[in-house]
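This report describes one protein chain, going from its overall layout to individual side chains. The sequence and coordinates come first.

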Amino acid sequence: MAVPKRRTSKSVGRKRRTHQKTTAPNVSTCSECGEPKLMHHACKACGKYKGRDVLSVDED
């Protein structure tokens, strides 16, 4: 089994992990009400997805 000959330094390990970071979610506007929503998700404000009623939203 392969075993490292030397310990990996902090800088080398951190340089390797620079590309492992999270990205912000893609947000678009709802075509019905104009509220921001996640892409490919139903709108939480009006309950529509692609022009159809998908969720029942209480209008208070």
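## Fold and dimensions

The chain has one helix and four strands, where helices (H or I, at least four residues) and strands (E, at least two) are DSSP runs numbered from the N terminus. Their order along the sequence is α-β-β-β-β. The radius of gyration is 23 Å, well over the 10 Å that the globule rule gives for 60 residues, so the chain is more spread out than a compact globule. That radius is taken over C-alpha atoms, and the globule rule is 2.2 Å times the number of residues to the power 0.38. The C-alpha trace spans about 65 × 25 × 20 Å along its principal axes.

The model is predicted: local features need pLDDT of at least 70 and side-chain atom pairs count only at pLDDT 80 or more, while totals for chains, interfaces and linings use all residues. Residues are numbered from 1 along each chain as its sequence is written, and side-chain values use heavy atoms, with hydrogens and water left out.

## Contacts and surface

Of the contacts with a separation of 6 or more, 0% are accounted for by residues 24 or more positions apart; a contact means heavy atoms within 4.5 Å. Gln20 is found in the loop between α1 (10–16) and β1, and Gln20 is exposed at 63% relative accessible area.

Buried residues make up 10% of the 60 residues. Here buried means under 20% relative accessible area, exposed over 50%, and partly exposed in between (1.4 Å probe, protein chains only). The accessible surface of the chain comes to about 6,000 Å², and 51% of this belongs to carbon and sulfur atoms. Accessible areas come from the Shrake-Rupley method with a 1.4 Å probe, and for residues only the protein chains shown count as cover.

## Charges and salt bridges

There are 14 positive and 6 negative side chains, and the centres of the two sets lie 36 Å apart. Lys and Arg count as positive and Asp and Glu as negative, without His and the chain ends; the place of a charge is NZ of Lys, CZ of Arg, CG of Asp or CD of Glu.

A search of the whole structure finds two salt bridges, each defined as a side-chain nitrogen of Lys or Arg within 4 Å of a carboxyl oxygen of Asp or Glu. One joins Lys48 and Glu32 at 3.9 Å, N to O. Lys48 lies in strand β3 (residues 48–49) and Glu32 in the loop between β1 (27–29) and β2 (36–38), so this pair ties together parts that are 16 residues apart in sequence. Asp53 also meets Lys48 in a salt bridge, with an N to O distance of 3.9 Å. Lys48 is partly exposed at 23% relative accessible area, Glu32 is partly exposed at 44%, and Asp53 is exposed at 60%.

## Backbone angles

Most residues other than glycine have a negative phi. His40 has a positive phi, near 65°, and lies in the loop between β2 and β3. Lys50, not a glycine either, has a positive phi of about 55° and is found in the loop between β3 and β4 (52–53). His40 is exposed, with a relative accessible area of 66%, and for Lys50, also exposed, the value is 66%.
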